[in-house]
Amino acid sequence: MQAKKRYLILFSAGACLILLFCFGGIQVPLSRRGPTRRDDRSLTGYRSGAQWRRFPGVVQPFSPWDQEESDGYNGHISPRQKRDAITGVYSGKRCRMESCFDFSLCERNGFKVYVYPQQKGEKMSESYQNILSSIEGSRFYTSDPGQACLFVLSLDTLDRDQLSPQYVHNLKAKIQSLPLWNGGKNHIIFNLYSGTWPDYTEDLGFDIGFAMLAKASISTENFRPNFDVSIPLFSKDHPRTGGERGYLKHNSIPPFRKYMLVFKGKRYLTGIGSDTRNALYHVHNSEDVVLLTTCKHGKDWQKHKDARCDKDNAEYDKYDYREMLYNSTFCLVPRGRRLGSFRFLEALQAACVPVMLSNGWELPFSEIINWNTAAVIGDERLLLQIPSTVRSIHQDKILSLRQQTQFLWEAYFNSVERIVLTTLEIIQDRVLQHPSRSSLMWNSLPGGLFTLPQYSTYLGDFPFYYAKLGIKPYSKFTAIIHVVTPLVSQSQPIIKLLVAVAKSQYCAQVIQILWNCDKPLPAKHRWPATSVPVIVIEGESKVMSSRFLPYDTIPTDAVLSLDEDTVLSTTEVDFAFTVWQSFPDRIVGYPARSHFWDSNKERWGYTSKWTNDYSMVLTGAAIYHRYYHYLYTTYLPTSLKTMVDQISNCEDILMNFLVSSVTKLPPIKVTQKKQYKETMMGQTSRASRWADPDHFAQRQTCMNKFASWFGSMPLVHSQMRLDPVLFKDQVSILRKKYRDIERL
Amino acid sequence: MCASGKYSSRGPALIPRMKTRHRIYYITLFSVVLLGLIATGMFQFWPHSIESTADWTLDKRSVHDAPLVRLPVSSPIPERGDLSCRMHTCFDVYRCGYNPKNRIKVYIYPLQRFVDEVGVPISSTGLSREYNDLLSAISDSDFYTDDVTRACLFVPSIDVLNQNSLRIRETAQALAMLPRWDKGMNHLLFNMLPGGPPDYNTALDVPRDRALLAGGGFSTWTYRQGYDVSIPVYSPLSADVELPERQPGPRRYFILSSQTAIHREYRAELERLKEENGEALLLLDKCSNLSQGAASARKRCYKGQVYDYPQILQESSFCVVLRGARLGQAALSDVLQAGCVPVILADSYILPFSEVLDWKRASVVIPEEKLSEMYTILKSIPHRQVEEMQRQARWFWEAYFSSMKAIGLTTLQIINDRIYPYASRTYEQWNNPPVVKWSSVNSPLFLPLIPPRAPGFTAVVLTYDRIESLFRVITEISKVPSLAKLLVVWNNQNKSPPEGEKKFKCPECTAIDGLSLDQTHMVERSECINKFASVFGTMPLKVVEHRADPVLYKDDFPEKLKSFPNIGSL
């Protein structure tokens, strides 16, 4: 018994001991977690087993509808007052469109830009002159400040480096004396350089007030989002208009070039921006990563020179910058004294994918361009990782980055005009807010300058995004017949044409007849009966350009444009339309023409001869997307349209210029058909414009006028013609779907 | 201590009940075994009592078990957030390092209960269900690490989702007390309801040094672009209510306003719109006869008629999301869930995840001042676009709004994309709903290039054993001026390819290709097509009726002037 009792006591004592240890053990860490001893806790306590796990049950939900908010809110000051108060509070560095821009100026006349008249004796750099003339040549320009939404100074603000010869003195006083300045409200100030040695601040040296900045090398800290615009640094040789094409002529697969990563530039031994360039030699391997610096710049470089300078300088002279640029997959773009550098645009044009090493640089047009698709954004702090980073990028991605550099270069950067227009379009999108471009419109072909949101904000309404959205264009077309002669007999070609087109299975409800004839409209019964409705529109001013007006009565994506004397069968119409469905962004049609460079006369020539290639398909018998009507009417300058209207000629050439400059592709000629005009000359009294000997000469002149406005020749030659699959093949005609085409 | 006392006093209490030796013996043995078991069990669980790795069902942990931390009054307070912070100035990128997966590592602090010196907690609610969900989702994701030394981003377990429930100063002190706080460097805070009456700041008022803020309701003045992340205000209805996806298309109402906390000036404006446009507009408010609470959140009224919320949202094409005292509204989430296109009227509001999401394709943003023009603006939007927006809205909700998990992981992915920009998700990946991803075509060669003739082309000839036929092909193709290289793929394991220089001359040229006439061959190829189509899940091939010919093909034109005279002559 005693033994048992002893056992019992022993056991319970043991059990108690264990328990004591257990419970006591919890208290030990608790006491250790006192606030006074947090230092040693950071070293231990958290490491082991600190895994986060969900807490089951009993946790209170948070409520997004807090009653006090809604109750207190109505007692609040009126939202209108609150909006007005913003203007006073958020100015200067905190300016936003809401607080520093007067939207009411843009309501009446839309987005119009006024440029101050240039004052005599005021010196102006070539670059700034180019900026101003680009604005004056754009569709936004107004010469009436009363209509303006945005104001641009005629005082050169591009170079605000006090040590620069281009520096304009007394800018502050000059600006303050401008009667329309209004504290800088609705003004935009262009600037490429600010600050000077040694600190290169971003201050312009005068009070910009409420004005927006379109500035190069702007830092994220000074950049006011959705108010300022970051523009690229461009040289004084940057062309005003036109601009060079990108360097990429074909896609090479695999996409690797001779060098992986290159850089050639100055090394700043001391001061701002010197760190990164001074460290580049660590990464240089003189094989596929070639990063070269020179100390030889400035007057007294010898004074600061360090131990590496001589070696670096010698290596630097061994390589040619252009050769490296064009033969490298990636190009390093490190910051200089300022954040941006010319190298950025050079690399972009050369299809050398820029590797950015410029911490805090708000990249050009960052508001709209997704730079991750065209550049590698590096971090100066991680310079040593750059080689392994670029090597880790997959071939497919390199291919896509490279192509995107070319798209962006040509869409937004290759001329001063593009840079300026992009800036203005960005601001327009902010001002109008509702009809504005989506990111897809800015970042994919053909780019934001050719995609006008005022036409539609729906991507599927444009000819460019069908594949991206996985949809197809509407499978009907609207025919527009352009008529200039009165209807006198039922044997006129237009009657035949009307019947043939109406029979097409793809013809929509509407055929429009654009009556550009001086004679009154014929009676309704004079038109042949058709299964589809016919709408006759009387041209208001009876000018050529009216055939390309964006009529509301066009319900389809496709437009079949016809001259009154065109001869076309139903089969031909059907076939052309099925081809167009595969190429909805191009002009698809019958009459093909070509351009050539006449080296004797040093000008562009136009030919209608049968040649092995073509670059235009005339709109006398062609199908194209309805959007091009809108683009023709709104995008092209009045000067060109007026010219076309005055001579009643060349509208078809102009349309080809426009479409090719958008697509960078040639039009498409479908199947064999040379004879598309009724040869009735001399038989009727009408004066066909094609019979006029001046007609052809005018077309030569047009070509050159158009080319000069576009800044380059946008037309592209093609050697391809699309025929029906069994066209002229040695098989029974009964097996051919478009057999009528061969019979003609 | 007290526990052990209790047990030892129990021991003697049992003794008087003992009647026999055996009984004593068994009871003792039983209790010892039981005690031993309990002890072992506790011993096993104890070291992980907060972060148990044991079986879920046995876990009886509760928030109240979290260790208590007392904050001394003098405890340091972080500085207010620095508005100039950017990733390159306030974020320590070295912690993230270079890793082949290009994925940041995220650490979550263990839960603690912070109280001030007198024992009052810093938050009236403590850990909310939503924040619990969020942290759990992170801990289950690939981002998570439990190794604090390897972490790139730190997420405190201090819940600051709703500023109203917080004591600002003490919360800030608690943050500063986190062991790796280091001026908030690389710390991420989640907040959905910032500010408080009467001014309702648009960012969390808790001083937080350099910490990143994932905030709901940022304005352009508080949002540090490229540093903070704008997140949605989570709607608890997302979890409670199931709204089946509806096909995009026209709906019963054109515009619906269903928010309850609308400023009376705006409500007056909406009523004016309703007068002008009648039935097209449905203007709902809270039901006056219902008591406050969760039930009232699910009902809306118009002139005594009661509507179910959020179901009614599915009956409208456009749904108004007006700012309240705060810019961010949970209603946005409900509206998206219903596949209704949000019409957002909240000046200066930074839309959720605007860094990656293209809101122009899913919403209409109208300045507050233009509320009166809303109807006209919306009417101008093409029908097909409205349908696309409806689809897009629903997709945004599903992918980025539907749960705290979606919100949390999207936030981390955005930060991840900034740190590894060269491996970031693309615009298409973020914005295209799955239905578009499958049907769209994105050519890898998207630049419209007309390649120059200069580099020529490479011919690849696949062969088996018909040498003569091969030679014929080679002879013909080698005549082409732009041929740069000719590659023959020898596809026969039994025979080695013919050796030495061969003169490529067509021998007899009589062996007519009998293969493609073979019936079984055709059948096999048809089977292939069916098999491939089933693997692709769709038939990717497209039929066209055209073929490319040279411009002057078969034209009545001198052959010698044609670029490609011989085409079609064979």
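Residues are classed by relative accessible area as buried (under 20%), exposed (over 50%) or partly exposed (in between), with a 1.4 Å probe and protein chains only. The model is predicted, so that local features need pLDDT of at least 70 and side-chain atom pairs count only at pLDDT 80 or more, while totals for chains, interfaces and linings use all residues. Residues are numbered from 1 along each chain as its sequence is written, chains are lettered from A and ligands numbered from 1 in the order in which they are written, and side-chain values use heavy atoms, with hydrogens and water left out.

Chain B contains 16 helices and 17 strands, taken as DSSP runs numbered from the N terminus (helices H or I, at least four residues; strands E, at least two). Of its 570 residues, 50% count as buried. Among contacts in chain B (heavy atoms within 4.5 Å) between residues at least 6 apart in sequence, 72% join residues at least 24 apart.

Helix packing was examined for one pair in chain B. Helix 4 (residues 129-140) and helix 12 (residues 404-419) of chain B have axes 8 Å apart and pack at an angle of about 50 degrees. Axes are lines fitted to C-alpha atoms, for helices over the stretch in contact, and angles run from 0 to 180 degrees between N-to-C directions. Helix 4 and helix 12 of chain B are therefore oblique to each other, as angles under 35 degrees count as roughly parallel, over 145 as roughly antiparallel, 65 to 115 as roughly perpendicular and the rest as oblique. The crossing of helix 4 of chain B past helix 12 of chain B is right-handed, meaning that the near helix is turned clockwise from the far one by less than a right angle. Helix 4 of chain B contributes B:Glu130, B:Asp133, B:Leu134, B:Ala137 and B:Ile138 to the contact, and helix 12 of chain B contributes B:Met404, B:Lys405, B:Gly408, B:Leu409 and B:Leu412.

In chain A, A:Asp652 pairs with A:Arg699, the closest N and O atoms being 3.0 Å apart. A:Asp652 belongs to helix 23 (residues 651-663) and A:Arg699 to helix 24 (residues 693-710) of chain A, so the bridge ties together parts 47 residues apart in sequence. Both A:Asp652 and A:Arg699 are buried.

Helix 12 of chain B also supplies B:Arg418, which forms a salt bridge with B:Glu355 at 2.6 Å between the closest N and O atoms. B:Glu355 lies in the loop between strand 13 (341-345) and strand 14 (364-365) of chain B, so this pair ties together parts 63 residues apart in sequence. B:Glu355 counts as partly exposed at 36% relative accessibility, whereas B:Arg418 is buried at 16%.

For the salt bridge of B:Lys183 with B:Glu79, the closest N and O atoms are 4.0 Å apart. B:Lys183, in the loop between helix 5 (168-176) and strand 5 (188-191) of chain B, is 104 residues from B:Glu79, in the loop between strand 1 (68-70) and helix 3 (87-90) of chain B. B:Lys183 is partly exposed at 46% relative accessibility and B:Glu79 is exposed at 52%.

B:Glu170, in helix 5 of chain B, is buried with a relative accessible area of 15%. Apart from neighbours within four places in sequence, B:Glu170 is in contact with B:Leu71, B:Asp116 and B:Ile122.

Notes
Salt bridge = Lys/Arg side-chain N within 4 Å of Asp/Glu carboxyl O.
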